[in-house]
Amino acid sequence: MITRKSTNSIAIFGLALLLIILGLSNTVFLIIGIMIASSYIFLSGAEGIYGLYFMLPFSPIMKFAPGGNTFFNVLIAVYILRMIFLNPKTKISLYQILSILALIIFSLLNTMDSSLIKLVELVIYFVLAFLVMNNKDDIEVRKLLMYFIAGIIIASILGSFSDLIPGLSGFMQETRIKLEDGDVFGRFSGIQTNPNFYTMDITIAIAALLYMIGMKKHRWYDYVLVIILLGFGILSLSLSFMLAVGVIFILYLAFKIVQLTKLSFDVNVVLRGIFFIALTLLIISEISSLPYMNIYFQRLGVGSFLDQSLSDLTTGRSDIWSDYLSLYLSDWRIFLVGVGYSVEAYHLRQAHNYFLELLVHLGIIGTILYFNVLNSIFKPFSMKVKGRMLCLLPLVALIFRGFGINLFFRENFIFYLIICALIMADDDRIDDLKTPRKEVSDEK
(Lines give C-alpha, C1' and ligand atoms only; values in the text may rest on other atoms or scores of the structure.)
Protein backbone atom coordinates (compact mmCIF):
# COMPACT_ATOMS: atom_id res chain seq x y z
CA MET A 1 0.00 0.00 0.00
CA ILE A 2 1.32 3.45 -0.92
CA THR A 3 1.36 5.73 2.11
CA ARG A 4 1.81 9.48 2.27
CA LYS A 5 5.28 8.98 3.69
CA SER A 6 6.21 6.71 0.78
CA THR A 7 4.86 9.26 -1.70
CA ASN A 8 6.92 12.01 -0.07
CA SER A 9 10.09 9.94 -0.18
CA ILE A 10 9.53 9.02 -3.84
CA ALA A 11 9.01 12.68 -4.70
CA ILE A 12 12.14 13.79 -2.85
CA PHE A 13 14.38 11.10 -4.30
CA GLY A 14 12.86 11.78 -7.72
CA LEU A 15 13.86 15.44 -7.34
CA ALA A 16 17.36 14.44 -6.21
CA LEU A 17 17.68 12.13 -9.20
CA LEU A 18 16.53 14.84 -11.60
CA LEU A 19 19.18 17.19 -10.23
CA ILE A 20 21.83 14.47 -10.51
CA ILE A 21 20.90 13.97 -14.16
CA LEU A 22 21.13 17.73 -14.73
CA GLY A 23 24.46 17.53 -12.95
CA LEU A 24 25.85 15.53 -15.87
CA SER A 25 26.26 18.86 -17.66
CA ASN A 26 26.55 21.16 -14.63
CA THR A 27 28.21 19.95 -11.41
CA VAL A 28 26.29 22.45 -9.27
CA PHE A 29 23.09 20.49 -9.82
CA LEU A 30 24.93 17.25 -8.93
CA ILE A 31 26.04 18.66 -5.59
CA ILE A 32 22.54 19.95 -4.80
CA GLY A 33 21.02 16.58 -5.71
CA ILE A 34 23.48 14.72 -3.45
CA MET A 35 22.74 17.15 -0.61
CA ILE A 36 18.97 16.62 -0.93
CA ALA A 37 19.30 12.82 -1.03
CA SER A 38 21.75 12.84 1.90
CA SER A 39 19.51 15.10 4.00
CA TYR A 40 16.45 12.91 3.49
CA ILE A 41 18.39 9.72 4.24
CA PHE A 42 19.66 11.36 7.44
CA LEU A 43 16.17 12.40 8.52
CA SER A 44 14.61 9.02 7.66
CA GLY A 45 16.69 7.00 10.10
CA ALA A 46 16.52 3.25 9.55
CA GLU A 47 14.16 3.75 6.62
CA GLY A 48 16.87 5.67 4.81
CA ILE A 49 17.99 2.30 3.44
CA TYR A 50 15.12 2.52 0.94
CA GLY A 51 16.69 5.62 -0.53
CA LEU A 52 20.08 3.94 -0.75
CA TYR A 53 18.57 1.08 -2.75
CA PHE A 54 16.78 3.49 -5.05
CA MET A 55 19.95 5.49 -5.71
CA LEU A 56 22.27 2.45 -6.03
CA PRO A 57 21.64 1.86 -9.80
CA PHE A 58 22.58 5.51 -10.43
CA SER A 59 25.94 5.24 -8.69
CA PRO A 60 27.87 5.21 -12.03
CA ILE A 61 26.71 8.75 -12.89
CA MET A 62 26.99 10.28 -9.41
CA LYS A 63 30.44 11.60 -10.29
CA PHE A 64 32.12 14.79 -11.46
CA ALA A 65 33.58 12.93 -14.44
CA PRO A 66 33.66 9.39 -15.91
CA GLY A 67 36.07 7.15 -14.03
CA GLY A 68 36.04 9.29 -10.89
CA ASN A 69 34.85 8.40 -7.39
CA THR A 70 31.12 8.09 -6.93
CA PHE A 71 29.27 10.29 -4.45
CA PHE A 72 27.06 7.32 -3.63
CA ASN A 73 29.55 6.51 -0.86
CA VAL A 74 28.59 9.86 0.71
CA LEU A 75 25.01 8.62 1.02
CA ILE A 76 26.26 5.41 2.66
CA ALA A 77 28.38 7.41 5.12
CA VAL A 78 25.43 9.64 6.03
CA TYR A 79 23.23 6.61 6.75
CA ILE A 80 25.92 4.96 8.89
CA LEU A 81 26.58 8.13 10.94
CA ARG A 82 22.85 8.65 11.46
CA MET A 83 22.32 5.10 12.66
CA ILE A 84 25.37 4.97 14.95
CA PHE A 85 25.03 8.32 16.71
CA LEU A 86 21.34 9.24 16.55
CA ASN A 87 19.38 6.00 16.49
CA PRO A 88 18.70 4.67 20.01
CA LYS A 89 17.87 1.20 18.66
CA THR A 90 21.24 0.77 16.97
CA LYS A 91 23.47 -1.91 18.36
CA ILE A 92 26.34 -4.01 17.10
CA SER A 93 26.99 -7.33 18.83
CA LEU A 94 30.33 -8.30 20.37
CA TYR A 95 30.62 -11.13 17.84
CA GLN A 96 30.25 -8.68 14.96
CA ILE A 97 32.84 -6.31 16.46
CA LEU A 98 35.36 -9.11 17.05
CA SER A 99 34.82 -10.61 13.60
CA ILE A 100 35.44 -7.32 11.80
CA LEU A 101 38.43 -6.53 14.04
CA ALA A 102 39.99 -9.90 13.22
CA LEU A 103 39.67 -9.18 9.49
CA ILE A 104 41.07 -5.64 9.92
CA ILE A 105 44.12 -6.84 11.87
CA PHE A 106 44.78 -9.61 9.35
CA SER A 107 44.47 -7.13 6.47
CA LEU A 108 46.74 -4.53 8.04
CA LEU A 109 49.45 -7.14 8.48
CA ASN A 110 49.11 -8.18 4.86
CA THR A 111 48.20 -5.00 2.98
CA MET A 112 50.36 -2.37 1.31
CA ASP A 113 49.66 1.30 2.05
CA SER A 114 48.30 1.85 -1.47
CA SER A 115 45.54 -0.68 -0.85
CA LEU A 116 44.33 0.58 2.53
CA ILE A 117 41.50 2.54 0.90
CA LYS A 118 40.02 -0.77 -0.28
CA LEU A 119 40.11 -2.11 3.27
CA VAL A 120 38.40 1.05 4.56
CA GLU A 121 35.63 0.72 1.95
CA LEU A 122 35.21 -2.98 2.78
CA VAL A 123 34.79 -2.19 6.48
CA ILE A 124 32.27 0.57 5.71
CA TYR A 125 30.14 -1.84 3.67
CA PHE A 126 30.19 -4.43 6.44
CA VAL A 127 29.19 -1.84 9.05
CA LEU A 128 26.29 -0.86 6.79
CA ALA A 129 25.15 -4.50 6.69
CA PHE A 130 25.41 -4.79 10.49
CA LEU A 131 23.29 -1.69 11.02
CA VAL A 132 20.61 -2.71 8.54
CA MET A 133 20.25 -6.29 9.76
CA ASN A 134 20.27 -5.30 13.42
CA ASN A 135 17.36 -2.94 12.67
CA LYS A 136 15.54 -5.31 10.33
CA ASP A 137 12.30 -5.06 12.31
CA ASP A 138 11.97 -1.45 11.10
CA ILE A 139 12.52 -2.39 7.45
CA GLU A 140 9.93 -3.84 5.05
CA VAL A 141 11.69 -6.15 2.65
CA ARG A 142 9.02 -5.72 -0.02
CA LYS A 143 9.22 -1.93 0.13
CA LEU A 144 13.01 -2.08 -0.08
CA LEU A 145 12.75 -4.37 -3.11
CA MET A 146 10.32 -2.02 -4.88
CA TYR A 147 12.65 0.95 -4.41
CA PHE A 148 15.55 -1.10 -5.79
CA ILE A 149 13.57 -2.29 -8.82
CA ALA A 150 12.29 1.25 -9.49
CA GLY A 151 15.88 2.44 -9.58
CA ILE A 152 16.94 -0.37 -11.94
CA ILE A 153 14.09 0.29 -14.38
CA ILE A 154 14.52 4.08 -14.41
CA ALA A 155 18.29 3.72 -14.90
CA SER A 156 17.64 1.25 -17.74
CA ILE A 157 15.25 3.67 -19.44
CA LEU A 158 17.82 6.46 -19.12
CA GLY A 159 20.39 4.19 -20.74
CA SER A 160 17.99 3.47 -23.60
CA PHE A 161 17.71 7.21 -24.36
CA SER A 162 21.23 8.24 -23.44
CA ASP A 163 21.69 10.23 -26.66
CA LEU A 164 18.86 12.55 -25.62
CA ILE A 165 20.31 13.35 -22.18
CA PRO A 166 23.17 15.90 -22.22
CA GLY A 167 26.35 14.52 -20.71
CA LEU A 168 25.11 10.96 -20.13
CA SER A 169 26.78 9.35 -23.15
CA GLY A 170 30.17 10.40 -21.81
CA PHE A 171 29.69 8.15 -18.77
CA MET A 172 28.72 5.17 -20.90
CA GLN A 173 30.88 2.90 -23.00
CA GLU A 174 29.00 0.30 -25.00
CA THR A 175 30.39 -3.21 -24.81
CA ARG A 176 30.29 -5.12 -28.06
CA ILE A 177 30.42 -8.80 -28.86
CA LYS A 178 31.68 -10.38 -32.07
CA LEU A 179 30.15 -13.69 -33.11
CA GLU A 180 31.80 -16.45 -35.11
CA ASP A 181 30.07 -15.32 -38.31
CA GLY A 182 31.65 -11.87 -37.92
CA ASP A 183 28.51 -10.02 -36.83
CA VAL A 184 29.04 -7.44 -34.09
CA PHE A 185 26.30 -6.62 -31.58
CA GLY A 186 26.11 -3.97 -28.89
CA ARG A 187 25.42 -5.17 -25.34
CA PHE A 188 22.91 -3.10 -23.39
CA SER A 189 23.91 -2.26 -19.81
CA GLY A 190 21.65 0.61 -18.75
CA ILE A 191 23.84 3.47 -17.52
CA GLN A 192 26.67 1.14 -16.58
CA THR A 193 29.60 0.11 -18.78
CA ASN A 194 29.64 -3.55 -17.81
CA PRO A 195 26.69 -5.79 -18.81
CA ASN A 196 27.63 -8.39 -16.17
CA PHE A 197 27.45 -5.89 -13.31
CA TYR A 198 24.23 -4.47 -14.76
CA THR A 199 22.54 -7.88 -14.95
CA MET A 200 23.73 -8.76 -11.45
CA ASP A 201 21.26 -6.17 -10.09
CA ILE A 202 18.53 -7.64 -12.29
CA THR A 203 19.30 -11.24 -11.27
CA ILE A 204 18.91 -10.51 -7.55
CA ALA A 205 15.73 -8.49 -8.17
CA ILE A 206 14.11 -11.29 -10.21
CA ALA A 207 15.03 -13.92 -7.60
CA ALA A 208 13.52 -11.77 -4.84
CA LEU A 209 10.34 -11.21 -6.87
CA LEU A 210 9.98 -14.97 -7.42
CA TYR A 211 10.20 -15.41 -3.66
CA MET A 212 7.40 -12.87 -3.18
CA ILE A 213 5.27 -14.57 -5.84
CA GLY A 214 5.91 -18.08 -4.56
CA MET A 215 5.15 -17.19 -0.94
CA LYS A 216 1.92 -15.30 -1.84
CA LYS A 217 3.36 -11.95 -0.79
CA HIS A 218 3.12 -10.45 -4.25
CA ARG A 219 0.97 -7.92 -6.06
CA TRP A 220 -0.38 -8.37 -9.56
CA TYR A 221 2.24 -6.06 -11.03
CA ASP A 222 5.09 -8.24 -9.77
CA TYR A 223 4.61 -10.45 -12.83
CA VAL A 224 4.95 -7.38 -15.04
CA LEU A 225 8.13 -6.36 -13.21
CA VAL A 226 9.66 -9.81 -13.80
CA ILE A 227 8.92 -9.53 -17.53
CA ILE A 228 10.38 -6.00 -17.74
CA LEU A 229 13.53 -7.00 -15.88
CA LEU A 230 13.92 -10.11 -18.04
CA GLY A 231 13.58 -7.97 -21.16
CA PHE A 232 16.34 -5.58 -20.11
CA GLY A 233 18.49 -8.50 -19.00
CA ILE A 234 18.16 -10.31 -22.34
CA LEU A 235 19.34 -7.17 -24.17
CA SER A 236 22.64 -7.39 -22.27
CA LEU A 237 23.59 -10.61 -24.10
CA SER A 238 25.07 -11.82 -20.79
CA LEU A 239 25.39 -15.58 -20.90
CA SER A 240 25.91 -15.86 -17.13
CA PHE A 241 22.70 -13.88 -16.60
CA MET A 242 20.64 -16.25 -18.76
CA LEU A 243 22.12 -19.32 -17.07
CA ALA A 244 21.46 -17.87 -13.60
CA VAL A 245 17.88 -16.95 -14.49
CA GLY A 246 17.35 -20.44 -15.88
CA VAL A 247 18.59 -21.98 -12.64
CA ILE A 248 16.38 -19.88 -10.36
CA PHE A 249 13.28 -20.46 -12.52
CA ILE A 250 13.91 -24.23 -12.47
CA LEU A 251 14.32 -24.15 -8.69
CA TYR A 252 11.14 -22.11 -8.37
CA LEU A 253 9.13 -24.59 -10.47
CA ALA A 254 10.62 -27.55 -8.61
CA PHE A 255 9.59 -26.06 -5.28
CA LYS A 256 6.06 -25.37 -6.47
CA ILE A 257 5.67 -28.90 -7.86
CA VAL A 258 6.89 -30.48 -4.61
CA GLN A 259 4.63 -28.12 -2.69
CA LEU A 260 1.59 -29.23 -4.69
CA THR A 261 2.28 -32.95 -4.40
CA LYS A 262 2.89 -32.78 -0.65
CA LEU A 263 0.22 -30.39 0.53
CA SER A 264 -2.67 -30.82 -1.83
CA PHE A 265 -4.29 -33.59 -3.84
CA ASP A 266 -7.07 -31.34 -5.07
CA VAL A 267 -7.65 -32.10 -8.77
CA ASN A 268 -8.19 -28.41 -9.53
CA VAL A 269 -4.87 -27.50 -7.93
CA VAL A 270 -3.04 -30.18 -9.93
CA LEU A 271 -4.70 -29.01 -13.16
CA ARG A 272 -3.69 -25.43 -12.44
CA GLY A 273 -0.14 -26.59 -11.88
CA ILE A 274 -0.09 -28.49 -15.16
CA PHE A 275 -1.53 -25.48 -16.99
CA PHE A 276 1.07 -23.17 -15.45
CA ILE A 277 3.94 -25.46 -16.45
CA ALA A 278 2.58 -25.83 -19.98
CA LEU A 279 2.21 -22.05 -20.25
CA THR A 280 5.77 -21.58 -19.03
CA LEU A 281 7.11 -24.03 -21.60
CA LEU A 282 5.13 -22.25 -24.33
CA ILE A 283 6.57 -18.87 -23.33
CA ILE A 284 10.08 -20.33 -23.27
CA SER A 285 9.62 -21.78 -26.75
CA GLU A 286 8.40 -18.41 -28.06
CA ILE A 287 11.29 -16.55 -26.43
CA SER A 288 13.71 -19.06 -27.96
CA SER A 289 12.65 -17.93 -31.43
CA LEU A 290 13.65 -14.30 -30.79
CA PRO A 291 16.73 -13.03 -32.66
CA TYR A 292 18.57 -12.28 -29.44
CA MET A 293 18.16 -15.87 -28.29
CA ASN A 294 20.00 -17.05 -31.40
CA ILE A 295 22.99 -15.05 -30.20
CA TYR A 296 22.82 -16.76 -26.81
CA PHE A 297 22.70 -20.15 -28.53
CA GLN A 298 25.76 -19.24 -30.56
CA ARG A 299 27.61 -18.18 -27.42
CA LEU A 300 26.68 -21.49 -25.80
CA GLY A 301 27.91 -23.37 -28.84
CA VAL A 302 24.56 -25.04 -29.43
CA GLY A 303 24.88 -27.25 -32.50
CA SER A 304 28.65 -27.63 -32.13
CA PHE A 305 28.92 -28.28 -28.41
CA LEU A 306 31.49 -31.08 -28.79
CA ASP A 307 33.74 -28.79 -30.81
CA GLN A 308 33.76 -26.10 -28.11
CA SER A 309 36.77 -25.78 -25.82
CA LEU A 310 36.39 -24.93 -22.14
CA SER A 311 37.60 -21.43 -22.95
CA ASP A 312 34.88 -21.06 -25.59
CA LEU A 313 32.15 -22.34 -23.27
CA THR A 314 33.19 -19.95 -20.49
CA THR A 315 33.76 -17.04 -22.94
CA GLY A 316 37.44 -16.93 -22.04
CA ARG A 317 36.94 -16.97 -18.28
CA SER A 318 38.60 -20.37 -17.78
CA ASP A 319 41.91 -18.96 -19.05
CA ILE A 320 41.77 -16.20 -16.43
CA TRP A 321 40.76 -18.67 -13.72
CA SER A 322 43.76 -20.81 -14.63
CA ASP A 323 46.09 -17.81 -14.19
CA TYR A 324 44.62 -17.03 -10.78
CA LEU A 325 44.83 -20.66 -9.63
CA SER A 326 48.43 -20.87 -10.81
CA LEU A 327 49.30 -17.78 -8.77
CA TYR A 328 47.37 -19.02 -5.74
CA LEU A 329 49.15 -22.39 -5.73
CA SER A 330 52.57 -21.02 -6.64
CA ASP A 331 53.60 -19.97 -3.12
CA TRP A 332 52.60 -21.29 0.28
CA ARG A 333 52.43 -17.72 1.62
CA ILE A 334 49.89 -16.75 -1.03
CA PHE A 335 47.99 -19.98 -0.31
CA LEU A 336 47.72 -19.07 3.39
CA VAL A 337 47.40 -15.26 3.47
CA GLY A 338 47.01 -14.16 -0.17
CA VAL A 339 48.62 -11.20 -1.93
CA GLY A 340 46.68 -8.45 -0.16
CA TYR A 341 44.15 -6.12 -1.72
CA SER A 342 46.03 -5.50 -4.96
CA VAL A 343 47.12 -7.84 -7.78
CA GLU A 344 48.52 -5.17 -10.11
CA ALA A 345 52.07 -6.39 -9.53
CA TYR A 346 51.12 -9.78 -10.96
CA HIS A 347 49.70 -8.32 -14.20
CA LEU A 348 46.45 -10.27 -13.94
CA ARG A 349 43.16 -9.35 -15.52
CA GLN A 350 39.94 -9.22 -13.52
CA ALA A 351 39.25 -12.65 -12.03
CA HIS A 352 35.64 -12.93 -13.23
CA ASN A 353 35.17 -15.18 -10.21
CA TYR A 354 34.27 -13.89 -6.76
CA PHE A 355 35.59 -16.98 -4.95
CA LEU A 356 38.96 -16.94 -6.73
CA GLU A 357 39.19 -13.25 -5.90
CA LEU A 358 38.87 -14.07 -2.21
CA LEU A 359 41.47 -16.83 -2.25
CA VAL A 360 44.08 -14.85 -4.16
CA HIS A 361 43.59 -11.62 -2.22
CA LEU A 362 43.10 -13.13 1.26
CA GLY A 363 44.41 -16.69 1.12
CA ILE A 364 42.72 -19.50 2.98
CA ILE A 365 43.13 -17.82 6.39
CA GLY A 366 41.79 -14.45 5.28
CA THR A 367 38.91 -16.09 3.40
CA ILE A 368 37.84 -17.88 6.59
CA LEU A 369 37.94 -14.58 8.50
CA TYR A 370 36.01 -12.89 5.68
CA PHE A 371 33.24 -15.50 5.69
CA ASN A 372 33.12 -15.27 9.47
CA VAL A 373 32.20 -11.59 9.04
CA LEU A 374 29.49 -12.58 6.56
CA ASN A 375 28.20 -15.12 9.06
CA SER A 376 28.05 -12.42 11.74
CA ILE A 377 25.69 -10.46 9.48
CA PHE A 378 23.24 -13.39 9.44
CA LYS A 379 23.81 -14.36 13.08
CA PRO A 380 21.51 -11.92 14.93
CA PHE A 381 18.36 -13.65 13.77
CA SER A 382 17.07 -17.19 13.42
CA MET A 383 16.06 -18.42 9.98
CA LYS A 384 13.19 -20.82 9.39
CA VAL A 385 13.98 -22.26 5.98
CA LYS A 386 11.92 -25.43 6.24
CA GLY A 387 8.72 -25.07 4.23
CA ARG A 388 9.94 -21.87 2.62
CA MET A 389 12.95 -22.91 0.57
CA LEU A 390 12.16 -20.15 -1.90
CA CYS A 391 13.76 -17.71 0.55
CA LEU A 392 17.10 -19.11 -0.62
CA LEU A 393 16.55 -18.09 -4.26
CA PRO A 394 18.38 -14.72 -4.04
CA LEU A 395 21.28 -16.36 -2.22
CA VAL A 396 21.48 -19.14 -4.82
CA ALA A 397 21.46 -16.50 -7.57
CA LEU A 398 24.24 -14.58 -5.82
CA ILE A 399 26.42 -17.69 -5.38
CA PHE A 400 25.80 -18.89 -8.95
CA ARG A 401 26.68 -15.53 -10.50
CA GLY A 402 29.67 -15.29 -8.16
CA PHE A 403 31.43 -17.99 -10.17
CA GLY A 404 31.56 -15.67 -13.19
CA ILE A 405 31.78 -12.10 -11.89
CA ASN A 406 33.90 -9.84 -9.66
CA LEU A 407 32.13 -8.90 -6.44
CA PHE A 408 34.81 -8.56 -3.77
CA PHE A 409 35.37 -4.80 -4.06
CA ARG A 410 31.94 -3.75 -5.34
CA GLU A 411 29.62 -1.92 -2.95
CA ASN A 412 26.70 -3.58 -4.72
CA PHE A 413 27.68 -6.93 -3.20
CA ILE A 414 26.76 -5.91 0.32
CA PHE A 415 23.39 -4.63 -0.94
CA TYR A 416 22.77 -8.00 -2.58
CA LEU A 417 23.71 -9.72 0.67
CA ILE A 418 21.30 -7.53 2.65
CA ILE A 419 18.43 -8.51 0.32
CA CYS A 420 19.35 -12.20 0.74
CA ALA A 421 19.48 -11.85 4.52
CA LEU A 422 16.24 -9.87 4.85
CA ILE A 423 14.34 -12.37 2.71
CA MET A 424 15.75 -15.33 4.63
CA ALA A 425 14.62 -13.60 7.84
CA ASP A 426 11.20 -12.77 6.39
CA ASP A 427 9.32 -15.63 8.04
CA ASP A 428 6.12 -13.64 8.65
CA ARG A 429 4.35 -15.30 5.74
CA ILE A 430 0.79 -16.06 4.75
CA ASP A 431 0.26 -19.78 5.27
CA ASP A 432 -2.32 -20.34 2.54
CA LEU A 433 -1.09 -23.77 1.52
CA LYS A 434 -3.72 -25.55 3.57
CA THR A 435 -6.64 -23.20 3.12
CA PRO A 436 -10.08 -24.78 2.89
CA ARG A 437 -11.48 -25.39 -0.56
CA LYS A 438 -14.04 -22.60 -0.11
CA GLU A 439 -11.31 -20.02 0.47
CA VAL A 440 -9.39 -21.26 -2.55
CA SER A 441 -12.46 -20.90 -4.76
CA ASP A 442 -13.12 -17.44 -3.37
CA GLU A 443 -9.55 -16.45 -4.19
CA LYS A 444 -10.21 -17.30 -7.82
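**Exercise 1. The surface patch**

Which residues form a nonpolar patch on the surface, and what is their accessible area together?

*Solution.* The model is a predicted one. Step 1: the patch consists of Leu325, Leu329, Trp332, Phe335, Leu336, Ile364, Ile365 and Ile368. Step 2: together these residues have about 750 Å² of accessible area. Step 3: at least two residues of the patch come from helix H15 (332–337), and at least two from helix H16 (354–378). Step 4: Leu336 lies in helix H15; its relative accessibility is 30%, so Leu336 is classed as partly exposed.

**Exercise 2. Salt bridges**

Determine how many salt bridges the whole structure contains, and describe the partners in each.

*Solution.* Step 1: the search returns three salt bridges.

Step 1: Asp222 and Arg142 are joined through their side chains, at 2.9 Å from N to O. This pair links distant parts of the chain, with Asp222 in helix H9 (residues 221–235) and Arg142 in helix H7 (residues 141–160), 80 residues apart. Buried means under 20% relative accessible area. Asp222 has 0% relative accessibility and therefore counts as buried; Arg142, at 13%, is therefore buried as well.

Step 2: Lys136 pairs with Asp137, their closest N and O atoms lying 3.3 Å apart. Lys136 has a relative accessible area of 23% and is partly exposed, whereas Asp137, at 71% relative accessibility, is exposed.

Step 3: Arg333 pairs with Asp331, with 3.7 Å between the closest N and O atoms. Arg333 is partly exposed at 47% relative accessibility, and Asp331 is partly exposed with a relative accessible area of 25%.

**Exercise 3. Confidence**

What is the average pLDDT of the protein chain, and what share of the residues score at least 70?

*Solution.* Step 1: the average is 81, and 77% of the residues score at least 70. Step 2: residues 429–444 have a pLDDT below 50; apart from near neighbours in sequence, this stretch makes 16 contacts in the model.

How values were computed:
Residues are numbered from 1 along each chain as its sequence is written. Side-chain values use heavy atoms; hydrogens and water are left out. pLDDT is the predictor's confidence in each residue, from 0 to 100. Contact means heavy atoms within 4.5 Å. Patches are made of residues with over 30% relative accessible area and no salt bridge: like charges are joined within 9 Å, nonpolar side chains (Val, Leu, Ile, Met, Phe, Trp, Tyr) within 5 Å. Accessible areas come from the Shrake-Rupley method with a 1.4 Å probe; for residues, only the protein chains shown count as cover. A salt bridge is a side-chain nitrogen of Lys or Arg within 4 Å of a carboxyl oxygen of Asp or Glu. Helices (H or I, at least four residues) and strands (E, at least two) are DSSP runs, numbered from the N terminus. Buried means under 20% relative accessible area, exposed over 50%, partly exposed in between (1.4 Å probe, protein chains only).
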